[in-house]
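Me: I would like to go through this model and check the words used for it. Take the terms one at a time, please.

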Amino acid sequence: MSNDQLTDLPEWRALEDHKRATENLHIKTLFDEDPNRFQTFSVDMPGLLFDYSKHKITDETKDALVALARARNVEKQRDALFSGEAVNVSENRPALHMALRGSCDKALEVDGKNVEHFVNSTLQNMQIISDKIRENPNITDVVNIGIGGSDLGPRMAYKALKPLADGPNIYFISNVDGSALHQRLHKLKPENTLFIIASKTFTTQETLRNAQTAKDWLLESIDKDALGNHLLAVTANAEAASGFGVNEDHIFPMRDWIGGRYSIWSAIGLPVAIACGFKTFKAMLDGAKAVDEHFVSAPLENNIPVLMALLGVWYRNFWDYPAHCVLPYSHDLREFPIYMQQLDMESNGKSVTQDGLTTNYATGPVIFGEAGTNAQHTFMQLLHQSHEIIPVDFIVTAKAQHPHAAHHKQLLGNALAQSKALMEGQEKPDALHHNFTGNRPSSTFILDTLDGYHLGVLLALYEHKIFVQGALWGINSFDQWGVELGKTNAENIIKSFDNKKITDNFDVSTVGLFDHLAENL
Ligand code: F6P
């Protein structure tokens with residue numbers, strides 16, 4: 001599947017022609033011409049309504065995009081993902097996060113080991129340990145130490161589900177900046193604190209440094225023999241975790257086929273189970289499973305993640321829009337945009353195809369966002385009136401997670417007002433500064449409410465969207481070699497601080513900066 005083939009495909013060319021033919025259409029006109037536009041361009045599934053009517057698309061656009069998906073064998077690539085093929089070609093492994101929510105064949109094996117057995121025993125152990133921790137009056141505080149996928153998923157989900165939390169306090173430490181841990185440790189008592197060291201590899205420098213400092217802090221006050229009661233690990237490197245001092249029955253195994261940024265469904269999700277109860281964590285898996293079923297069975301024309309992906313490709317590749325904005329109108333979902341930054345950009349921020357060719361087309365957009373209505377008072381001005389056009393995802397929940405109905409109506413009203421304003425704009429010929437061209441596209445997702453199930457629905461939709469885009473672009477959404485280079489460079493520089501001299505061949509700028517820092521440390 002080479003890059004030449006993608007842009008040479010008749011379906012790609014047809015989309016280029018179609019874009020030229022429709023580039024002067026205004027979304028507002030499309031609404032004026034078709035009173036059924038909302039019905040035509042919206043899909044629902046239990047718990048969720050997806051409205052994509054405020055986009056620069058017609059029936060022909062949709063047909064042409066779906067034709068591209070068919071030409072790129074998206075259905076076949078999806079089936080390969082679910083059947084456990086080694087879709088992560090550069091690391092020669094499958095990507096089976098869907099198996100963690102029971103969406104893959106029960107007989108599926110990886111390296112001769114049954115996947116479902118692993119999943120079931122992990123879930124069982126998660127339930128046992130989360131119940132035990134929740135019932136233990138001596139553990140009042142749980143600190144998750146991890147970074148990237150070992151932090152962002154559980155952090156985001158915990159905050160999203162906080163109204164349901166009735167367990168111990170949960171904190172997240174990710175940054176190696178000592179301030180993060182220092183400020184937290186000050187407020188904790190070692191005898192009442194449990195640390196979860198979450199690291200698939202158990203080699204990530206930030207996590208190991210934070211874990212070591214946490215362990216030293218524990219040992220200042222508690223007996224060495226009791227250390228095991230205060231440590232728990234989630235990792236695919238059990239040997240390293242045990243060497244660090246975690247008791248074997250406190251080590252939750254991961255597998256190579258669980259990608260870091262897709263690991264919220266594994267024992268990496270323990271903070272959610274501990275805070276809100278295993279039932280809530282399981283509901284999250286069930287919500288995601290419902291989306292897996294939809295993704296696998298719905299025709300492409302009505303398949304929500306496929307439509308999300310195709311809209312993204314339409315704008316990224318045919319309109320040249322460089323960014324995509326995620327706007328949850330929900331305080332509880334405030335960490336969702338950050339989570340999405342990793343999920344999307346670490347997955348599809350690539351410019352080499354599976355076949356090793358440099359793409360001659362754009363891939364993953366810049367993802368950013370913020371909770372509404374706060375976003376309206378930060379970057380929304382640019383979205384309304386700058387030359388850059390940035391498609392937006394508005395995410396709202398119909399029901400509030402609090403008793404303040406007036407607040408909720410105000411929140412929802414603002415979300416609808418923003419998508420309407422972006423789409424319609426306004427014409428003020430005598431006051432040019434007040435002129436808005438409008439025609440700025442957005443999707444709106446309405447979740448019935450925000451609980452474990454609905455959060456699972458939302459996350460799985462985006463996971464599959466990203467997969468479909470990777471499949472269309474012919475890239476591997478499951479590796480991250482750019483991140484790995486940064487890690488290697490950092491290791492070399494960090495070591496150099498000990499003797500205040502950079503030993504490797506670094507550029508003069510890095511050496512100059514290093515020398516300045518080394519002198520002023
Ligand atoms: O951020 C880069 C990354 O490689 C992510 O993919 C991963 O989630 C994170 O580092 C943490 O890795 P680990 O879980 O192995 O500590």
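Reply: Start with helix 6 (residues 74-82) and helix 18 (residues 452-473), whose axes are 10 Å apart and meet at an angle of about 120°. Keep in mind that this is a predicted model.

Me: Which residues make the contact between helix 6 and helix 18?

Reply: Helix 6 brings Val74, Gln77, Arg78, Leu81 and Phe82. Helix 18 brings His464, Phe467, Val468, Ala471 and Leu472. By class, seven are nonpolar, two polar and one charged.

Me: What makes helix 2 and helix 14 roughly perpendicular?

Reply: The axes of helix 2 (residues 10-22) and helix 14 (residues 304-318) cross at roughly 75°. The class runs from 65 to 115 degrees. The value falls inside that range, so the two helices are roughly perpendicular. Their axes come within 11 Å.

Me: Which residues of helix 2 and helix 14 meet?

Reply: On helix 2 they are Trp12, Leu15, Glu16, His18, Lys19 and Thr22. On helix 14 they are Trp314, Asn317 and Phe318. This contact has four nonpolar, three polar and two charged residues.

Me: How do you know whether helix 8 and helix 15 are roughly parallel or roughly antiparallel?

Reply: The axes of helix 8 (residues 152-160) and helix 15 (residues 336-348) cross at roughly 155°. Over 145 degrees counts as roughly antiparallel. The angle passes that cut-off, therefore helix 8 and helix 15 are roughly antiparallel. The axes come within 9 Å, and the crossing is left-handed.

Me: What residues sit in the contact of helix 8 with helix 15?

Reply: Leu152, Gly153 and Met156 of helix 8 meet Phe336, Ile338, Tyr339 and Gln342 of helix 15. Five are nonpolar, two are polar and none is charged.

Me: Which of the 15 residues around the ligand come nearest?

Reply: Ser150, Ser199, Thr201, Thr204 and Glu346.

Me: Where is the cis peptide bond, and what is its omega?

Reply: The cis bond joins Gly372 and Thr373, with omega about 10°. Thr373 lies in the loop between strand 11 (366-369) and helix 16 (380-385).

Me: What is said about phi of Asn439?

Reply: Phi of Asn439 is near 60°. The value is positive, in a residue other than glycine. Asn439 is placed in the loop between helix 17 (405-424) and strand 13 (442-447).

Note on methods: Residues are numbered from 1 along each chain as its sequence is written. This is a predicted model: local features need pLDDT of at least 70, side-chain atom pairs count only at pLDDT 80 or more; totals for chains, interfaces and linings use all residues. Side-chain values use heavy atoms; hydrogens and water are left out. Axes are lines fitted to C-alpha atoms, for helices over the stretch in contact, and angles run from 0 to 180 degrees between N-to-C directions. Helices (H or I, at least four residues) and strands (E, at least two) are DSSP runs, numbered from the N terminus. Angles under 35 degrees count as roughly parallel, over 145 as roughly antiparallel, 65 to 115 as roughly perpendicular and the rest as oblique. Contact means heavy atoms within 4.5 Å. Ala, Val, Leu, Ile, Met, Phe, Trp, Tyr, Cys and Pro count as nonpolar, Asp, Glu, Lys and Arg as charged, and the others, Gly among them, as polar. A crossing is left-handed if the near helix is turned anticlockwise from the far one by less than a right angle, and right-handed if clockwise. A residue is near a molecule or strand if one of its heavy atoms lies within 4 Å of it.
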